[in-house]
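Biologist: Can you walk me through this one? I'd like to start with how terms are set.

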Amino acid sequence: MDQLTLVGTRDDLLARIATLEDAGADEIVVQPVADPPAEMAEFAKLIVAAGA
């Protein structure tokens with residue numbers, strides 16, 4: 001699952017996104033599940049915190 005998804009704590013996700021960016025990734029596909037508006041709001045905070 002870790003190979004194909006971004007799951008974990010905020011710090012886990014920040015590290016994983018940074019690793020993906022370093023490897024050349026320039027897009028992330030987001031599929032909210034339980035509460036799309038809340039999940040997208042949290043994802044937006046993560047992106048801002050990462051300096052994107």
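Modeller: Axes first: they are lines fitted to C-alpha atoms, for helices over the stretch in contact, with angles from 0 to 180 degrees between N-to-C directions. Helices are DSSP runs of H or I with at least four residues, numbered from the N terminus. This is a predicted model, where local features need pLDDT of at least 70, side-chain atom pairs count only at pLDDT 80 or more, and totals for chains, interfaces and linings use all residues. Residues are numbered from 1 along each chain as its sequence is written, and side-chain values use heavy atoms, without hydrogens and water.

Biologist: At what angle do the axes of helix 1 and helix 2 cross?
Modeller: Roughly 55°, and the axes come within 10 Å. Helix 1 and helix 2 are therefore oblique to each other; that class is what remains after under 35 degrees (roughly parallel), over 145 (roughly antiparallel) and 65 to 115 (roughly perpendicular).

Biologist: Switching to side chains. Is Thr19 buried or exposed?
Modeller: Thr19 counts as exposed because its relative accessibility is 51%. The cut-offs are under 20% relative accessible area for buried, over 50% for exposed and partly exposed in between, with a 1.4 Å probe and protein chains only. Thr19 sits in helix 1.

Biologist: How far apart are Arg16 and Asp2?
Modeller: They are 14 residues apart in sequence and 9.8 Å apart in space, C-alpha to C-alpha.

How values were computed:
Helices (H or I, at least four residues) and strands (E, at least two) are DSSP runs, numbered from the N terminus.
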